[in-house]
Amino acid sequence: MKLSLASLASWALVGLSSLASAERMLYSDSLNPCQATNNFSATQFDVVLTPKNNSLSFSVVGVSTIQGNITIDLVVSAYGLQIYATTLDPCELGFTGLCPMNEGQLNLPQSNVPIPASSLANVPGIAYTVPDLDAKVKVYFNSTTTGQSAACVEASLSNGKTVDQKAVAWALAVISGLALVASAITSGLGHSNTAAHVAANALALFGYFQAQAFIGMTAVSLPPVVASWTQNFQWSMGIIRVGFLQDIATWYQRSTGGKPSSVLSSLGTTSVEVQKRSMETVYKLMKRAAYQVHDSILRARSNAAGSNGQDTANTVIVRGIQRVGFRSGIEVTNIFLTGYIFFMIFVVAVVIGVLLFKLFCELLVKMGRMKGEKFLDFRNGWTTVLKGIMFRMVLIGFPQMVVLCFWEFTQNDSTAEMVLAVLTIFAMLSILAWASSKVIRLARRSISMHKNPAYILYSDPVSLNKWGFLYVQFKATAYYFIVPFLIYILAKGLFIALGQGAGTVQAIGLVVIEAVYLITICVLRPYMDKKTNGFNIAITVINFISAVFLLVFTGIFDQPGIVTGVMGVIFFVYNAVFSTVLLLIVLIASIIAVVAKNPDTRYQPMRDDRGSFIKSQSHLNHELDALGATARGESKHGWTGGKGARIEEDEDDSWSGGSSSNERQQQPFHGQQTAYGGPGGARSPPAQSGMPAGQQQMQAPGYPASRSEQTASPYEENRGYRGNGNAAGPSPWQRGAGYE
């Protein structure tokens, strides 16, 4: 009996000779029924063909209720195209045990059978080397009496090669992190233009990685190479397997009333059908674990034949997000909590890193190893910088948490996890919505007062450090574009999270969303300069093309299988090339930003003149900065660390005080508004002789004025007088005198 089944498996594997080598091998670790009425079932099927030693290793456990003589139809297909078919007669070939077939239990332990070298010579070398081989063999057992198929079993074939590599995922994560660190260091060194470009490109690169992860999370039929490629980016969604964290997640779920799943723990006794998947190691093969994707479905089967010989399989269907977790070795019920834990670890690690960097800088300064002016802005205002970094973490984790939290609403793993999901996602939505509205209010106030949105957005260091993450990557006139961007991310995340039962709907939704967003950024070109616009438009084009490919993978066009297979390979190739180009661009820019003496020379000044408004608290004593401060109507000591004017405050965020534009209007010179003090003023009046600009009396002699109309006297300014509720408030040059 062993010899007959070994011979049959050998025929199936050698059938790959019509297909177009590391240890060269072909193996299969699942045998799955492929017709409704089946008289053969298997709870375990493992077979490995190793041409190096001309051996076939196999083990089979199953039940057969087929009786009598049969013929066997063998069909081998690759990438949806049938490439080999033959009919075998077990009696002519001498397959003992199959001529005739008898009803009974099949229990074949691990065995090795030699295979003739002449048979192995028919298998082309490419079959052993192409990654994520999309090939399978179907075996039909046909009764010679009725001519009908009594059973059909299907096995996927693998060569152990895959594009799903942990080294690739780690490299992508490290380069993304280094780019963000480089932008922070460059900003601390005072190269604001370079820091803005590096940060913008790094965030765009990270967004592209998350878009690739979204593709893998859809409940769509993915070719094996596509499923494997997108698996490399799941770290960006927090889907990372760490053993003790899985134990913690399982314990937490149980302790809060949840019931953990046991799909992974049952693999030791269950054959897992993987028809379209990345190929795992032989180690997992021998552990009887398998990872297979067919129509984006992984089926974990525990088959047993009933008394009538019918297949009574217990099937667990894992698709979309569950498939991603299954391939990562994470139980389905632990996926949300795993992603949540890693997001929190990311936030805490960044906070600790900032604190350690602050202590390190202070230690070096005290030891005389670093000049006192190095990172002075950061050292003096590190708390504000830390707040801004925390907001940035919320923005970076927004796509991840949108998908995981809304998906958790459909899973309800436990009451506590549902509460975490609700609090987390709505807190993030509230924070980003409020921060976006804050930026829009500041920009509109700046336009009203100075005819330029960049003035207030970039002239206040506190506002820039805290809210700048929402607008520095855009040109000043596109300050509002963070809102369409957040809506774009939210819409995509909702389709991924809530559309797990409808892959076609997900694909159509992503195509529409990507098309609208692509048209929007091509028309508006909202980013800071041509290079950054080109960088982001290229990413959006690739995302749109990927969405179109995803729509094709759904089979909505009823295309031949070969079309889907070839498009899967094309998807992998163009995304791999594009990812490599993006990584090189970001990596080179990051290195130059850190090692170059003056990296700002690589970038042209922004057309929105943001550079002339950005103020450095540590360099205002330099001549050029002093001239810039004079042009803005500020005294030399107008910005004193955290005690300067706070433009971003809700009640005092106007440079002219007051809560309305009418209250902010001043009539200093006999009721005539000037270019200095009116709502549209962008310049300050020159200082009068012997009096600083911040202490000038704006009331003309003999002109009566009430408290609500006149400006504060020098005495009141120096004492920090705020005036009554009807006061117009301080003018821009009064702010420099300490008026609050």
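Reader: Which pLDDT values do local features need here, and what is the mean pLDDT of the protein?

Author: This is a predicted model, in which local features need pLDDT of at least 70 and side-chain atom pairs count only at pLDDT 80 or more, while totals for chains, interfaces and linings use all residues. Residues are numbered from 1 along each chain as its sequence is written, and side-chain values use heavy atoms, with hydrogens and water left out. The pLDDT is the predictor's confidence in each residue, from 0 to 100; the mean for the protein is 75, and 67% of its residues reach 70 or more. Over residues 15-21 the pLDDT is below 50, and this stretch has 22 contacts in the model beyond near neighbours in sequence, a contact being heavy atoms within 4.5 Å. Residues 271-314 also have pLDDT below 50, with 169 contacts beyond near neighbours in sequence. Where pLDDT is low, the predicted coordinates should not be read in detail.

Reader: What is the order of the strands in the open sheet, and which strands stand at its edges?

Author: Two strands pair if DSSP finds at least two bridges between them, and the elements are DSSP runs numbered from the N terminus, helices being H or I of at least four residues and strands E of at least two. The open sheet has five strands in the order S2-S9-S8-S5-S6, with antiparallel pairing. Strands S2 (32-33) and S6 (81-88) stand at the edges, each with a single partner strand, so one side of each lacks a neighbour in the sheet.

Reader: How many bridges join S8 to S5 and to S9?

Author: S5 (residues 70-78) and S8 (residues 135-143) pair over nine bridges, with Ala78 facing its partner Ala135 in S8, whereas eight bridges join S8 to S9. In the hairpin of S8 and S9, with five residues between the strands, Gly147 takes a positive phi near 75°.

Reader: At what angle do H14 and H17 pack?

Author: Axes are lines fitted to C-alpha atoms, for helices over the stretch in contact, and angles run from 0 to 180 degrees between N-to-C directions. H14 (residues 415-450) and H17 (residues 482-498) pack at about 160°, with their axes 10 Å apart. The contact is made by Leu429, Leu432, Ser436 and Ile440 of H14 and by Ile482, Val483, Leu486 and Leu490 of H17.
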